[in-house]
Every structure is written in C-alpha cells, then in structure tokens.
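This briefing covers one protein chain, with points grouped by topic. The sequence and the model come first.

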Amino acid sequence: MRHHFTSLVLTLLLGTLFAAGGSSVSAADVYDYDGVHSSVSFKARHLDISWIHGRFNEVSGTFSLDREDPSKSTFSLTIKTDSVDTANKARDEHLRQPDYFDTKQFPTIEFRSTSVKAIDGGYEVTGDFTMHGTTNSITLVLMGGKEHDFKKVKRVAFSTELELKRSDYGFDKRAIGPIGDAALIMIDCEGVRE
C-alpha cells in the first residue's frame, strides 16, 4: 500500500514538473532566419560626398519570441563576411582583404542578444556584436513582431537600422580616409516556423 502511495505521489510530482516545463517551452516560438525574404545591407560615405551601398548575401540566425515574458526572448544572427557584395567585383575583393573585413581571419560577424524588453511597436534588444575580432555591446530597436500565417507557415518580421564606427572594431585607421568611419547597417529580417 505504501509503495503504491509513493508511486502515486512521484507520478503527480513528475507530471506537474513536466507540465510546468512544457508550458515554459511552448511559450517561446522559435523562428529561423528566412534568407529569401530578409536582407542585411549597409552604406558608408565615400570622400564625404556620396554613399557606397552594399549587402551581405549569406546570413543565418534564429530568434525565439516569448510573448508572455519578452525578457526570455532571444535573438542571434551570423553574417559571412566573404559574402559582401557592393555590385563591383574588384571592390568586393578589396573589402575582403586585411585592411577591411579580413575575411580569412574573421569569417563571420555575429550578434547574440543578452537582454530583451518589449517596447511600443517592437522590442529593444541589447547584445554582443562581434566584428573584425572585437566584441561590443550594442542595443537594437527592432520594429515589428506581428505573426502572419501564410500557407501553414508562420512568419514574423522585424526591421532595424543602426550606425557603427569601424574604428570601434579595430579596422585599419589608414583605410578610414576615403571611406567614412561610420557605416549605416539596415536589417530587414523575416523569420519562419511551421
């Protein structure tokens, strides 16, 4: 009798724990970066009279959204630096060299969130941004976040813009003459889950 009672108590406890764990997992929806409907582009000043535009063609990432407790949400993004594309092959090859992105030594640019909070119309996401071997904490204002169900695939999208200084990430200062130190980064990200 005592054995049956103990088994019953254990069953109830385990059931409660798994139920609690299950609700925690299901509260966060996980989305994969959709490369077909997303883009990471940038522009930088040239001779302080015009803008050079470019993009990165190989990007991946995931994000989880906990709409009940946004602080539990996470965002990550990985950009392959040798996929830089400014619509000019000679310039792209130069940008891959050590005086710019140095893609052999630093093959990726990465962002990993460390804190998330909901704001009106989106999320404020703080995280570690690593480029050219240097990591700095930055804050992104992601606007968007509404989920759309299309052909049984759930989608959510965000947009953000930020300004970074190459000198903050160890780029060759001698190359910061013709091309401005600051670069504007534009990220339009669509995530998908089934």
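The chain holds two helices and eleven strands, where helices (H or I, at least four residues) and strands (E, at least two) are DSSP runs, numbered from the N terminus. Read from the N terminus, the order of elements is α-β-β-β-β-β-β-α-β-β-β-β-β. The model is predicted: local features need pLDDT of at least 70, side-chain atom pairs count only at pLDDT 80 or more, and totals for chains, interfaces and linings use all residues. Residues are numbered from 1 along each chain as its sequence is written, and side-chain values use heavy atoms, with hydrogens and water left out.

**Confidence and overall figures**

- The mean pLDDT (the predictor's confidence in each residue, from 0 to 100) is 87 for the chain, and 86% of its residues reach 70 or more.
- Over residues 5-26 pLDDT stays under 50, and the model has zero contacts there beyond four places in sequence; contact means heavy atoms within 4.5 Å.
- Of contacts between residues at least 6 apart in sequence, 55% join residues at least 24 apart.
- Of the 194 residues in the chain, 39% are buried; buried means under 20% relative accessible area, exposed over 50%, and partly exposed in between (1.4 Å probe, protein chains only).

**Strand S8 and its partners**

- Seven of the ten residues of S8 are buried, so this strand is largely enclosed by the rest of the structure.
- S7 and S8 run antiparallel and are joined by nine bridges; two strands pair if DSSP finds at least two bridges between them.
- S8 and S9 also run antiparallel, with ten bridges between them.
- Phe111 has Phe129 in S8 as its bridge partner, and Phe129 in turn is bridged to Asn136 in S9.
- The hairpin of S7 and S8 has two residues between the strands, and Gly121 takes a positive phi near 90° there.
- The hairpin of S8 and S9 has two residues between its strands, and His132 in the turn has a positive phi of about 55°.

**Thr126 in S8**

- Thr126 belongs to strand S8 (residues 122-131) and counts as buried at 18% relative accessibility.
- The side chains of Thr126 and Thr139 are joined by a polar contact of 2.9 Å. Such a contact is a pair of N or O atoms within 3.5 Å; within protein, one must be able to donate a hydrogen and the other to accept it, and residues adjacent in sequence count only if both atoms are side-chain atoms.
- Not counting residues up to four places away in sequence, Thr126 touches Phe111, Ser113, Thr114, Ser115, Ser137, Ile138 and Thr139.

**Lys146 in S9**

- Lys146 is found in strand S9 (residues 134-150) and is exposed, at 76% relative accessible area.
- Beyond four places in sequence, Lys146 is in contact with Arg155, Val156 and Ala157.
- The C-alpha atoms of Lys146 and Gly121 lie 9.2 Å apart, while the two residues are 25 apart in sequence.

**Salt bridges**

- The whole structure contains eleven salt bridges, each being a side-chain nitrogen of Lys or Arg within 4 Å of a carboxyl oxygen of Asp or Glu.
- Asp34 and Arg155 form one, with 2.8 Å between the closest N and O atoms. This pair links distant parts of the chain, 121 residues apart: Asp34 is in the loop between strand S1 (28-33) and strand S2 (39-46), and Arg155 is in strand S10 (residues 153-165). Asp34 is buried, at 9% relative accessibility.
- Glu58 and Lys80 form another, at 3.7 Å from N to O. Glu58 lies in the loop between strand S3 (50-56) and strand S4 (59-66) and Lys80 in strand S5 (residues 74-80), so the pair ties together parts 22 residues apart in sequence. Glu58 is partly exposed at 40%, as is Lys80 at 42%.
- The side chains of Glu110 and Arg112 meet at 3.3 Å, N to O, in a salt bridge. Glu110 is partly exposed at 28%, and Arg112 is partly exposed at 35%.

**Thr103 in a loop**

- Thr103 sits in the loop between helix H2 (89-95) and strand S7 (108-119) and is buried, with a relative accessible area of 11%.
- Apart from neighbours within four places in sequence, Thr103 is in contact with Thr81, Asp82 and Arg96.
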